Structure formats: C-alpha cells, structure tokens
Amino acid sequence: MKLNRRSFIKSAAAGSAIAAAGSIFPGISFANWKEQQDPSGQITWKKAPCRFCGTGCGVLVGVSGDRAVAVKGDPNCSVNKGLCCVKGFHVVQALYGKDRLRTAQVRRGGKMVEVPISEALDIIAAKMKETIKQTGKDSVAMYGSGQWTIPDGYVASKLFKGCIGTNNVEANARLCMASAVTGFMTSFGIDEPMGCYEDIEHADVFVTWGNNMAEMHPVLFSRMLASRKRRKNVQIIDLATRSTRSSQASDRSILFKPNTDLAVANAICYEIIRNDWVDWDFVKKHTTFHKGKTNIGYGTEDHFKFKDAPEDISFEEYKEFLSDYTPEKVEKISGVSALEIKYLASLYGDPSKKCTSFWCMGMNQHVRGTWINNLVYNIHLLTGKISTPGNSPFSLTGQPSACGTVREVGTLTHKLPHGVVMKEEHRKMAAEIWDVPLANIDPKPTYHTVEMFRALDRGDIRFIWIQVTNPMITMPNLNRYRNGALKDDRFIVVSDVYPTPTTDVADVILPAAMWVEQEGMFGNSERRTQHFDRIVPGPGETMSDTWQIIEVARRLGYEKQFPWGEDEYIGKIWEEYRRFHDSPKHNMAPYTVLKKRSGVQWPFVDGKETRWRFNSKYDPACKPGSDFDFYGKKDGKAWIWARPYEPAAESPDEEYDFWLNTGRVIEHWHTGTMTRRVPVLHRAVPESYVEIHPEDAMNLGVTNGEMVKIISRRGEVTMKASINGRGNPPRGMVFVPFFDETYKINEVTLDAFCPISKQPDYKKCAVRLEKA
Amino acid sequence: MMNKRAKISTAVVMGFAAVCLSWTVVSMSAQAAPGVQEGFDWSGEKIYNRYNETPLQAMTGTDGTRTLNTFYERRQYPGSPPTIPHKVAKTFSGDTTKCISCHGRGGYDAELDAYAPVTPHPENENCFQCHVPVTTEKLFVETDWESVSPPKLGRSMMGGSPPPVPHSLQLREDCIACHTGPGAVAEIRVEHGSRGNCRQCHVPQVTTTTFERNN
C-alpha cells in the first residue's frame, strides 16, 4: 500500500485541522472564486432558456446584486426538467470574460479606435446611405444568426426587406438547418417537427442518423438513456460515419461510408416494401409519390443556380426506383452489411415498435441534405410511424433560436415572417403589417449565405452587417471569404460580445448586450418559444442587437416603422410579429403568457399547446374527422420522394486520400467565443485536435499528441493528433472539432452545398496528411 | 482499476466481517461451557494479518483530504457540477460501469489512495454531460467571474438545534450520499449517520424572510 502510517497521520491531522477551523469559525469559506461583497448572500432565481444549443433547456439564473452568480436547471421546463449539461450549468460565466467588448470601435487609419456608440451608429447609417446611393440597395447586406433573439431577426427583416427593399438578409442557420427546412417543405409543405421531446418517453427504438447526441444534445440523450433504463426493450441504434460517445452508449453502432446514408435509407424502404411492412391504410390515405431532378451538382462555382422540377410518380414506379437499392447492392456502396440493413428495416417495419429517428448536422450539412431528410421521412411515412407519441422523425437544431428567429421569422433571402417574397399575397401581408408600400418588398431573392460571401468577395456587396455570429471561423473554404472581407471598399460592421476573428476584419464593432442582459425570446427544436427578461445589466455601452438595428433604422428615416420606447419594445415587437402567424397552423402565444411560462409550444390554439402536429387527436388545425392531415400540402398528403444516392462533391483520391469530417465537442459551443471564456470548459478542452485511426497514425508515423498537417486543395492546418481519444474515425477519415480559432479547419473545408437548401457540407472533403 | 478496487473493497468487507465474527465467537466462548472445540481460538492470527494488510484509511473511515476547501475549489459557484479531479478514460460514454462503479456506492480506491465520494444522483448516467476533467489550469482569457460565498456552516438557530439545509435539493436530494461515510467532506460529515430520516430534523431553507400577516 502506498500510504504508510506517517503520511496518513499527517493528512488526517491536516483534515481535522480544517474540520476544526470550520467548527470554530462557522461560516469560514474556502471558495476558489472571487467572492462577491454583497452582504445579503441571498440569491434570487429567474428563468431563461440556456444561451447555447437548440435543445432549449430551461435554466434558472441565480442573481445577487446586479450579477449572475449561479445556475440551476429549471424544474418547470419540460425540456430538461431541472438537469442541464456542463455548458448550461456554467452558462452565466460566459458573461464575464475579461475581454468583453464594452465600447464601440471604428477603424481609423487602419487602427480600431474607441468611440461613443451613438457615433458608431451614425457612421453605420451614413455608410449604408452612401453605399445604397452609389451601388444600389442590393449592395448592402445583413448576416445574422440562429442566436439572434426573435426580436433581433424580426427588426432586421423589417428594416432590410420592408424598408430598404433588399432581400440581402441571411443568417448562419443557413449553415446548420437549411436542409432540414427544405426537407420539411418538400415532404410536408410546412416547416418544423411534427413531434416533440415527449416522444423520447414513448419510443421503443431510437435511430440516431449521423448525430452524436451524447455530446451535442446531451440533455435529450440522457432522457433517452433514462427511458431505456426505465422501460425494457428500448433500443438505441447509432448510424454514423465515425465512432463516438453516442456509439458507445448505443445498443448497436453501425458505420457507413460518407454520403451513403442516401443508399442506406433507400435500402431500408426497399426491405419494408419487400417484406410488406408498409402501413397501406396510412400510405393510401395520406401520401403521394414523387421524383425530382438528379445529378443536381454541388454549387462550388459562383452564380450556381438550381431549381427542382417535381413530377408525380406511381407507387409501382417508386418500387421500381428502389430496385437499385437492395441490401446486397447497398452493402457494396455503403459498407453497411446487408444483414444490418435488414435488421434496421425490421425495427422500422415492426408494427409493434414505436420508432423515433434523430438527426442534426450529419444529415443537414450534406451535399444532398434535402434528399436525405426526404428519405428518412419516407421510412416513417411508409410505415405510418409519424405524428403519434413515440413515432417521430425528429430533426434537431444546433442553435438556441435557429427555429425561432431564422425559420419562423424567416431571416433568409427568400423568406418573410409568413411565406416567401416570391408570392404576392405574402408580400401584401408583410407590407400591411410593416406599414410599408407593397412595392418596397422585392419579389426576387438575392443571395444565400455562401453566395452572399462570394458577392462580398466579388464586390457585388459592399456593406455587410454581421450580428451574433463568427463567419471568419465558420465559412467553409474560409481563405477566399476572409480575403474577400478584407478587400478595400468593403465595409464590415460586426456586433458581438467578445473579440473574434470576425471582429478582426471589422470596420465598426458594436458592443452587444448578451443573453439575459436584454429581454428577448428564443425558439427551440420542438416549436417552443422561450421568453427571458433582462436579468442583469450589460457592461459599458453594450446595447441589444434589436436596439442597434432600431437606432440605425431611425437614422435612415424609418421612425414610423420603429416607433417603440426602450422600456416596451420587446413586447410591442412580439405582438406585431405574432400577427404574421395568426392561424391554427402556427399561432404563437401572447406576450403575457410567454413571460409567465418556461416556454410555450406553437401552434398555441385556444390557450393550448400542440404537441403532435398533423394528428387530429392533438392538432386542432387538422380537418375535422380526419385522422391525419398533412395540411402543409394542398391535398393534405405528405410526399414520398424517389431520391437516388449520389456521391459527395469531393471524395478521397490518390493525391488527397483521406476524408475530413468536422464537428463539435460537448464542452465547446460553435466557435468557442463564449465557451472558451468559461473556465471549466476551457480547462477541460483547451485546444482542438485531429482524431485519427490508430493504424493510419501508425502508417503516418505519429503518436498521440504529435503534430499532423492536414492539407486540402484549399488550405492546410497543423495540429495535434488524437489517437483512441474521445471519438474514433474509421480508417481513411480524420475528424477535427472546429471551435478553435488557432486551427481554422474551415480553411481546409470545401464550399460545396446542397443545391436545394444551399447548406454547405462540412462533413466531407478530401485531404492528405503529413507528419509535421 | 475497477477490478483492483473491487477486490480491495471485498477484502475490506471480509476483514471487517472477520473482526466482528471473531469477537462474537470470543465473547460467546467466554460464557460457553467446557467442551468447545479445541483450538477454536487459534485463528486469531488471521485478524492481525488482515489488520496489517488493510490500509489504515479503509479501517478508520476518513482520509481527511476531502475538505470544504477542495470541495469548493472544484466548483464555480455553490451548487455547480464539480470537475473531475483524477484521470479518466476519454472514451467514456454511457457505459455505466465506469464512473458509477466507484461513485455509485463509494469505497476506497487504492490507486487514487482515496475514498470515492458518492453521487447523490446515480440515476443520471451520462456523467460527462455535466462533469468534465481538467486538462490545463491556464485560461483562454482571464475572467471577471465572481459568485456568492458558500453557505455558512453551523447555522443552528439555537445552540445545538438541527441546522436547516442551506442548499437547493435539486440533484442533491440524497443527504446520505454526501453527508455520511468515509468519502464525505470532513466538515459536513454528520456524526449520526445511522439515522435515515434526515428531513425529520433538517429542513430546506428557501427564504430568509419572516412570517408576516397580510390582513
């Protein structure tokens, strides 16, 4: 035994000395943190949604004096029922990094100079006017975020689309859930999941499609584990391209080759039909069959255009299409054995099992993202396993308000808060609610995100205002877009809370109020709108993103459209925005209800939340007397799509012989602007690394922690190897977490995207490795 | 590591049982009538061997290294999930045997030379969801973080009266997990751990205000 008697006596003595100190001086404290000088020591707790991911956990922020000092999970929030993840439990610390931006800065003579925020706002407004005059309204742009609050996105859309009259409004959610949206629109004609998190307590089988929920949606993952523990015969199947913590926790881990999930999904449908596991009653009453264009390209060239041309097909034609996807043929494409495909199909096909599929970036950041979303819906539609508790194809989101602000408010170039700019009835509605002339709203969409940054590089866009996001880390093929942003005659405004590689390229920096330093709302993955109050004051001259936009709008002469006072604007904006969704299909809860509850799900009809849509038992928008009503489509029927397997835009070849896959870790959220300033999170994972298969590492001659150079046709990054680390890629693939600005892995990635959704594929490009 | 630990704790239990058993036998034998089996008292050597083999800490209960100081050093505010102070496998996942094998019921771990603190919420199995290791002490940028003082000890209203529960019970409903046993923090370890109905005497303090009549 290591411990000898002497050392024991010593440590026992030390222990009892401290114990004695505690009892002699009650209240003596040994805390490691700087203690507040607040005499009361009393904490008051206020509700808010967590600042980080799209799960939308409720947190209680502990406030002492004017500072947030602690966190508890909100037991009243049905999402997480009082449990958070390590990011959520430390979310308040993200407010207090030493280098918080407190004042506005303006670039003068190449150097950033601090100025009063009113002066910075004057400069922004003047520059916008000047740019519009010189190069037209479509040369100014707004690039926002799925971390925008709902009011942030709403006023941005109103200013740019309604007042200025340009559709140059995009948000980083284009990079994270655009394929989910086009998946919903093409299959169901209406966006956002039909189910809710309660499906987790009902499902017998979970299939996670390219989704490492143990790290990315840990709270939901724990709910899944708890459900498996409580009820017998619950199975979790992890279907992925790399082995992760989720694979380890699953009952079966199945690996497929990148992009071949398309073939696997079709093979599952082939098996369901071959074994006659089809729910014919459901399929005949509630679905129709369709096909679209094939060989649709990858969008790597400027001005890429694509428009799908859907055609009706019969069930027989669909069945014929599937004959290319027998399990045996797909085994050759995907590397998934025919036996495993049949097993998966048997789980989905078993009428006694309730099935839930979860996915997020694996299916969305995919050059055929829309297709793979369609194909997973096909599985659920063929088996009728949809819109009932536990039967749920569930598209998760990565940002706290990707659904709330980007999808629902419509902060994308083609969208309006209700509908799309292309349709006159939608423009009319917006013009009326916004109190602007109908002619102001341009019927033609302009640039999706990748094309917007290409336009900035080309010079078609001269002014861009970036809020709550860090594109100089997150844009794929980053070198091109950073060089574009740095060109002369480009004017970049960045609103943020900390210095980032994006504020580094800014001409004006606005210090933003963060999270609970302002009032606002987020909308999570399960159609839940979550209000939070201004709980603590922001530092220095920080200002909410909403108010920044209002201030600039007024300077541009739109006082009439932005009339609200600073003490009431969030409530007023919410009630104005709510008019866009005034129907049983999308009604939102009133402001007073949102303020009271820990999140409210829409459609909110007659004081009740809708948990499962398209099912007349739960959804009042369904036609009376129908069992299911997919009312997003005119005939009330969901679409089953024949979508083929097509390869990735760039696959490994002789010269570039590895796949590069990128993603996240549980400790860090997105580009780490917030989480790297949280001590616990940084101390756990201080830097990024490249995961590499042990045999590949051996061939390369690197051991754990040695440097590896990752080289693509676009750029290179040198970083430490992680062998048998937290995750393990198969041979021929490397994986890099993208949070670390020291290792900008997106200089290596490719800006290919799904031609339908325009969402880039961050999971697949070809690289070669060198020992550095 | 698990096997080693399991072996040792079994050994400890056996040793303890042996001590009890022998004493029982001895005390019974004192009253026993003549005719007891010869040599019954010659196995006493086993006790001394076991005594020599069993680490002192395992015999005496607390090692004194877990104090309120270390307790709060691993936290960012009172009630935050503590970091993991020892090495853990990176590949850990929902495989429940790992963290829970030590932190589910506690016990002495020879490799770490310490008693494992018992988790008050073993039903949550995705441990890395909230608890992360420390791989560096350096920060990315300095922080202005501050929080309230930890709850004071000895808050009895009257001398010797049972103090109220100074913390939230959320995720910490199980008093016994943290306040009893050898792994407990020295200062908050109760001397009457054998009593189970803690909240018979100790009630959560949810407000510091006093009652006032409204009418």
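Which residues of H19(A) are buried? They are A:Thr449, A:Val450, A:Glu451, A:Met452, A:Phe453, A:Arg454, A:Ala455, A:Leu456 and A:Asp457. The model described here is predicted.

**Helix H19**

Helix H19 of chain A covers residues 449-458. Of its 10 residues, 9 are buried, so the rest of the structure largely encloses it. Several elements of chain A supply the packing. The buried residues of H19(A) pack against strands S7 (140-144), S8 (169-171), S16 (463-467) and S17 (491-496). They also pack against helix H20 (471-474) and helix H21 (478-485). After H19(A) comes A:Gly459, with a positive phi near 105 degrees.

**Helix H14**

Helix H14 of chain A has 12 residues, 338-349. At 1.5 Å a residue it should span 16 Å, and its end C-alpha atoms are 16 Å apart, so the two values agree. Buried residues in H14(A) are A:Ala338, A:Ile341, A:Leu344, A:Ala345, A:Leu347, A:Tyr348 and A:Gly349. In general, an α-helix has 3.6 residues a turn, so residues three or four places apart point the same way.

**A buried arginine**

A:Arg407 belongs to helix H17 (residues 402-408) of chain A. Why does A:Arg407 count as buried? Its relative accessibility is 5%, and buried means under 20%. The side chain of A:Arg407 makes a polar contact of 2.9 Å with the side chain of A:Asp191. Beyond its neighbours within four places in sequence, A:Arg407 is in contact with residues including A:Met177, A:Ala180, A:Val181, A:Phe184 and A:Glu192. A:Thr397, A:Ala402 and A:Lys415 are also among its contacts.

**Strand pairs**

Strands of a sheet pair through backbone hydrogen bonds, either parallel or antiparallel.

| Strand pair | Sense | Bridges |
|---|---|---|
| S3(A) (residues 58-64) and S4(A) | antiparallel | 6 bridges |
| S19(A) and S20(A) (residues 528-532) | antiparallel | 4 bridges |

Strand S4 of chain A runs over residues 67-73 and is mostly covered, with 7 of its 7 residues buried. A:Ala68 in S4(A) is the bridge partner of A:Val63. S3(A) and S4(A) form a hairpin with 2 residues between the strands. There, A:Gly65 takes a positive phi near 60 degrees.

S19(A) and S20(A) belong to an open sheet of 3 strands. Its order is S19-S20-S21, with antiparallel pairing. The edge strands are S19 (520-523) and S21 (600-601) of chain A, and each pairs on one side only. Opposite A:Gly523 stands A:Thr529 in S20(A).

Conventions: Residues numbered from 1 in each chain as written. Chains lettered and ligands numbered in written order. Predicted model: local features only at pLDDT ≥ 70, side-chain atom pairs only at ≥ 80, totals over all residues. Heavy atoms only, no water. Expected span 1.5 Å × (residues − 1). Buried < 20%, exposed > 50% of the residue type's maximum accessible area, 1.4 Å probe, protein only. Pairing = 2+ DSSP bridges. Polar contact = N/O pair within 3.5 Å; in protein donor to acceptor, adjacent residues only side chain to side chain. Contact = heavy atoms within 4.5 Å.
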